[in-house]
Structures are given as C-alpha cells and as structure tokens.
Amino acid sequence: MKKYYPSVRTLHLYFGLFISPFVLIFSISVIIFNHPGLINRLNPVQNPPTVKTKLDKIPYDSTDLQTAKAIIRKLNINGEIDFISKSDSSISFPVNKPGLKTFIAVNTINDSVLITRKQEGTLRATTYLHSMPGPHNASIRGNSVFLKIWRILTDAVVYVLLFLTFSGVFLWYMLKAERVIGLYAIALGVLFFISILLFIF
Amino acid sequence: MQSQRLSKELNFWGRKVHIHLGLFLLLFIWLFSFSGLLLNHGDWKISNFWDKRKETQIVTPIHASTSSDSSTRLKDIMSQLKIAGEISDVKMWPDSIYFRVSKPGEVRNMEVNFITGVCTQKELQYNLAGKIRTLHSFNGVDKNNPGRQPNWIITDIWRLSMDGIATGLLLLCISSWIMWFKIRERYRWGWFVLILGFGAAIYFIFVLRIL
C-alpha cells in the first residue's frame with residue numbers, strides 16, 4: 001500500500017488544485033440559492049431599457065430551435081436558448097449566459113423584435129452555472145458551445161471530487177498519527193448524516 | 001522569523017482542517033455528487049423517478065376550525081391529519097383551502113372543503129433516486145418570492161446544514177492552497193493546474209457574459 005502513497009498524493013494534489021475553483025463556484029452558489037433575499041440586497045438585478053428592432057426575413061419553417069438560433073445570429077446575441085414559446089404570430093425565448101438573461105420576443109408577422117435584458121451579476125452567475133445543465137428542457141439543453149463545455153466540466157468535477165474522497169481516505173489512513181482523530185471525524189460525520197436524514201424522512 | 005512561524009502555524013492548522021473536515025463531510029460529498037449526477041443525467045435509467053412515482057388519493061373527514069387566519073387553519077388541519085412538511089402554494093377561499101406539503105421525495109396536494117368537512121389529499125411518493133434528487137435542492141426557498149422563509153423546522157435545519165457543507169468545502173479549498181503553497185517547489189505544476197482551473201472559472205463567471 002505504501003508504494004502507492006506518493007503517486008496517490010500527487011494525483012490528489014493536482015486534481016484537487018484544478019477543481020478547487022469549480023468547488024468554490026458550487027459552494028458559493030449554495031449560499032446564494034439558500035439566501036436569495038440577502039443577495040437581492042447585496043447585488044440587485046439591473047434591468048437596462050428594452051431594445052426594439054426589426055429583423056430581415058427569418059426562416060420560420062425549420063425547427064423552433066433552428067429558428068431561434070437564426071434569430072439570435074441575426075441579432076448578434078449568443079448564449080443558451082432556455083425554452084421556446086411559439087404562437088401563430090410570435091416566437092419568444094430567453095437566451096442565457098451566467099449573470100445575463102436576455103429575453104427575445106419576435107412578432108413573426110412584421111418581424112419586429114423586443115429585446116429585454118436582466119444583468120444578474122457575478123453572484124447569480126454562480127447559481128446559473130450550478131443549476132446547469134439540470135433536469136429541465138433536456139431536448140434543447142446544450143444548444144450553446146459554452147454549455148456543452150460546462151456540461152463536460154461539471155461531470156468531470158463530480159468524478160474528480162469522488163476520486164478525491166477515495167484518495168483522501170487512503171492518504172489519511174496512511175498517516176498513523178491522524179488515524180484516531182480521523183475516525184472520530186468520520187463517526188461524527190456519519191452520525192450527523194444519518195440523524196439529519198432520519199429527521200427529514 | 002514571525003512570518004515563518006505564522007506560515008508554519010497556518011500550514012499545521014490547514015492540514016488538520018483539510019484532513020478532518022474532509023472526513024467529516026465524506027458522506028455529504030457523496031450524497032451531493034450522486035444527486036448532482038442524477039439531476040444532470042435525466043436520460044439515465046436510474047434518474048427516471050417520475051414515471052415510477054406512486055400516486056394515491058386519500059379522503060379524510062376533518063373538523064374545520066372557524067379561524068379566518070390561514071396559518072391557524074393550516075396548523076389545525078395538519079395536526080389533525082398528523083402530517084408535517086414544508087407548506088407552499090396556499091390558496092384560501094371562504095369555503096375551502098388549497099395547499100401543498102412537501103418533503104424530499106413526497107408531495108401532498110391538499111384541498112379542504114370547510115362546508116363538507118372533507119380533506120382530499122393527492123399524495124406523490126418518489127423512489128430513492130427521486131428522494132435523493134429532491135433533497136439536493138430542498139431549501140424551502142421560492143426564487144420568485146425571495147422574502148419567503150421556510151416554515152418547517154426540518155427545512156431550516158437542512159438549509160443550515162447545506163450552508164455548513166458549502167462553507168466546509170470552501171475551507172477545504174483554502175486549506176488545500178495553503179498546504180500546496182508550502183511544498184510548491186516540489187509540485188511545480190501546481191501553478192499551472194491552479195491557473196488553468198481559475199482561468200476556466202473566471203471565463204465562465206466574468207468573461208462569458210461580456211462576449
């Protein structure tokens with residue numbers, strides 16, 4: 001077992017350093033998710049004025065997602081199209097990026113467009129990233145390049161985090177001086193975990 | 001000399017915190033990692049809890065209180081039915097009240113008719129994957145109504161625990177930087193790896209929205 005110690009330690013250190021900024025994003029966003037009132041006071045959402053414009057002809061005959069993508073290309077806007085609402089005379093959809101929400105409403109009869117923005121700021125950017133890709137709108141989720149990359153990164157962070165827990169337990173076990181107090185820490189953690197789940201369920 | 005001593009102390013305590021806090025949080029890290037994967041991979045067979053939900057309808061006679069205050073009435077109804085959970089979506093009319101009582105993995109849509117004295121509960125029960133998934137985001141917060149506070153003490157405890165776990169993870173990160181900084185000469189690639197990670201995080205949080 002001892003012969004693996006140096007290589008496990010090296011991997012634990014490098015992988016841990018790499019994912020630490022992402023763990024920061026996930027941790028800070030938890031606090032923001034849990035205390036939205038506080039965040040609204042610290043970092044209020046800014047609403048710049050709505051922009052009205054007109055589009056050249058848009059190909060409305062393809063899929064809703066392709067139409068929405070064609071619209072944002074013409075408007076020179078990029079981001080993740082969240083969901084699409086369509087009626088006989090309009091198509092509207094939010095285009096999101098971390099910290100910035102843009103809502104686009106197109107009148108398909110006269111090709112006029114209303115663009116509404118919400119600048120949500122850095123703290124809410126972390127919550128957006130935390131909740132993406134998430135369980136909703138799976139059929140169109142990942143229609144932007146950044147979210148495709150983020151999807152891979154979030155998975156990688158989780159798998160690396162799991163590796164860090166196993167390698168961390170191994171590294172701790174090899175340190176004889178920390179064994180007893182470490183066992184107490186595990187026991188305390190297990191006790192707290194079980195108690196809280198028993199309370200909830 | 002003093003800065004050397006401070007650095008030594010910082011490293012000593014950073015190491016202690018990193019090891020023991022990490023061990024304490026072990027099960028929570030596994031829980032949130034697993035539930036995060038379930039949330040992001042709805043296409044996995046195990047994630048599909050919705051199709052496997054159990055739905056039941058229970059009709060119970062109830063003694064309706066005469067109070068005009070909705071919270072008094074809710075407390076009275078819940079104590080008669082011996083149910084507990086996070087209450088939301090309350091709608092009250094002169095002759096009836098509708099509300100939802102949620103726990104991770106369990107949702108009850110309640111409708112009480114004060115005239116007939118009948119309570120109709122539509123109960124949804126999720127499987128283990130559904131319970132774990134809903135636990136991940138169970139904080140009693142309504143993002144459309146930020147002033148709303150949790151009304152079930154267990155929600156408060158769980159929310160506080162999630163804050164604590166998040167703070168613990170922040171400490172794990174900070175202690176890891178302190179520990180690495182002391183041995184940075186031996187692990188030279190640490191700079192590269194850390195800058196790569198921070199670069200990517202900064203791109204997503206700060207840069208992306210201005211591009």
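This briefing covers one helix and a set of paired strands in chain B. The model is a predicted one. Helix α6 of chain B, residues 189-207, packs through its buried residues against elements of chain A together with α5 (153-182) of chain B, while strand β4 of chain B, residues 106-113, is largely enclosed by the rest of the structure.

**Helix α6 of chain B**

- The 19 residues of α6(B) should span 27 Å at 1.5 Å a residue, and this agrees with the 25 Å that separates its end C-alpha atoms.
- Buried positions in α6(B) are B:G190, B:V193, B:L194, B:G197, B:A201, B:F204 and B:I205; seen down the helix axis they fall within an arc of 100°, so they line one face of the helix.
- An α-helix has 3.6 residues a turn, so residues three or four places apart point the same way.
- On the other side of α6(B), the exposed residues are B:W189 and B:I195.
- The partners of the buried residues of α6(B) are α1 (5-34), α4 (121-131) and α5 (145-174) in chain A, along with α5 (153-182) in chain B.

**Strand β4 of chain B and its neighbours**

- Because six of the eight residues of β4(B) are buried, the strand is largely enclosed by the rest of the structure.
- With β3(B), residues 96-103, β4(B) pairs in the antiparallel sense over eight bridges, and B:R108 in β4(B) stands opposite B:V101.
- The hairpin of β3(B) and β4(B) has two residues between the strands, and B:G105 there takes a positive phi near 85°.
- β4(B) also runs antiparallel to β5(B), residues 118-125, to which eight bridges join it; B:N109 has B:K122 in β5(B) as its bridge partner.
- Four residues lie between β4(B) and β5(B) in their hairpin, where B:G117 in the turn has a positive phi of about 70°.

Definitions and conventions. Residues are numbered from 1 along each chain as its sequence is written. Chains are lettered from A and ligands numbered from 1 in the order in which they are written. This is a predicted model: local features need pLDDT of at least 70, side-chain atom pairs count only at pLDDT 80 or more; totals for chains, interfaces and linings use all residues. Side-chain values use heavy atoms; hydrogens and water are left out. The expected span of a helix is 1.5 Å times one less than its number of residues. Buried means under 20% relative accessible area, exposed over 50%, partly exposed in between (1.4 Å probe, protein chains only). The arc is that of the directions from the helix axis to the C-beta atoms. Contact means heavy atoms within 4.5 Å. Two strands pair if DSSP finds at least two bridges between them.
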